[in-house]
Amino acid sequence: MTIDKKFVDQLVKVTSKAALASSYLVGKKDKIAADKAAVDSMRFNLNNLELQGQIVIGEGELDEAPMLYIGEKLGNNSKGPEFDIAVDPLEGTNFAANNLPGALSVIAVAEKNNLFKAPETYMEKISTRVNEKDLIDLDFTVRKNISNLSDYLNKNPENLT
């Protein structure tokens, strides 16, 4: 079953607001404060959505950082759809703290019991605005992904960011 576009749009806003919340701390050399701002924003905004969500992949509890923890229930407990949620409100805390490129806010959702539960497992992520199937894949080499993108966008690889 496809997730209703209404929720997709709302979740895009959740990550955008988390990124914005941490943006005020970019370059301030305080990765914990930047992470906390993103976490607090994401928790607040998810709790205002009409859904029943549960974190199944969250940040690990090893580094004592602010986090949305595995097992945490989110949403306003309405009769909305049930979702498994994977999050990293601020991926790249060191990048943000040191005013470097590459930090982002990450969320993935699936219907309940459809997201791989992987506590304390780091997963690689890739982000692009391109929606073409089989163009970008974590199983491809970086060279292949860049080559595919440059061909698709008709740009030289050195002009991609």
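Two strands pair if DSSP finds at least two bridges between them. Helices (H or I, at least four residues) and strands (E, at least two) are themselves DSSP runs, numbered from the N terminus. With that in hand, we can walk through the sheet, then the helices around it, and then a few side chains.

A word on the ground rules before we start. This is a predicted model, in which local features need pLDDT of at least 70 and side-chain atom pairs count only at pLDDT 80 or more, while totals for chains, interfaces and linings use all residues. Residues are numbered from 1 along each chain as its sequence is written, and side-chain values use heavy atoms, with hydrogens and water left out.

Let us begin with the sheet. Strands of a sheet pair through backbone hydrogen bonds, either parallel or antiparallel. Here 4 strands form an open sheet in the order S2-S1-S3-S4, and the pairing is mixed. S2 and S4 are the edge strands, each of them pairing on one side only. Strand S1 (residues 52–57) runs parallel to S3, and 5 bridges link the two. You can follow this pairing residue by residue: Gly-53 stands opposite Phe-83 in S3, Ile-55 stands opposite Ile-85, and Ile-57 has Ala-86 as its bridge partner. Towards S2, S1 runs antiparallel, with 2 bridges joining these strands. Gly-53 turns up again here, with Leu-74 as its bridge partner in S2.

How enclosed is S3 by the rest of the structure? Of its 10 residues, 9 are buried, so S3 is largely enclosed. Buried means under 20% relative accessible area, exposed means over 50%, and partly exposed lies in between (1.4 Å probe, protein chains only). Over in S4 we find Glu-111, which is partly exposed at a relative accessible area of 26%. The C-alpha atom of Glu-111 is 7.8 Å from that of Pro-81, although the two are 30 residues apart along the chain.

Contact means heavy atoms within 4.5 Å. Axes are lines fitted to C-alpha atoms, for helices over the stretch in contact, and angles run from 0 to 180 degrees between N-to-C directions. H2 packs on the sheet and touches S2, S3 and S4, its direction making about 155° with that of S3. Helix H2 (residues 31–46) has 16 residues and reaches 22 Å from its first C-alpha to its last, close to the 22 Å expected at 1.5 Å a residue. That expected span is 1.5 Å times one less than the number of residues. The buried residues of H2 include Ala-34, Ala-38, Met-42 and Leu-46. As a group, the buried residues of H2 pack against H1, strand S2 (73–74), S3, helix H3 (93–97) and strand S4 (104–111). Take Ser-41, which lies in H2 and is buried, with a relative accessible area of 12%. Leaving aside its neighbours within four places in sequence, Ser-41 is in contact with Lys-17, Ala-18 and Ala-21.

What about aromatic rings? They pair if the centres of Phe, Tyr or Trp rings (for Trp, the six-membered ring) lie within 6.5 Å; planes under 30 degrees apart count as stacked, over 60 as edge-to-face and the rest as tilted. The structure holds 1 aromatic pair. Phe-7 and Phe-83 form it in an edge-to-face arrangement, 5.7 Å centre to centre with 70° between the planes. Because Phe-7 lies in helix H1 (residues 5–23) and Phe-83 in strand S3 (residues 82–91), the pair ties together parts that are 76 residues apart in sequence. Phe-7 is buried at 7% relative accessible area, and Phe-83 is buried too, at 5%.

Our last stop is helix H4 (residues 142–153), whose 12 residues should span 16 Å at 1.5 Å a residue, in agreement with the 16 Å between its end C-alpha atoms. In H4, Asn-145, Asn-148, Leu-149 and Ser-150 are buried. Just after H4, Asn-154 takes a positive phi of about 55°. The charged end of Lys-144 sits over the ring of Phe-140, 5.1 Å from its centre; the criterion is NZ of Lys or CZ of Arg within 6 Å of the ring centre and within 35 degrees of the ring normal.
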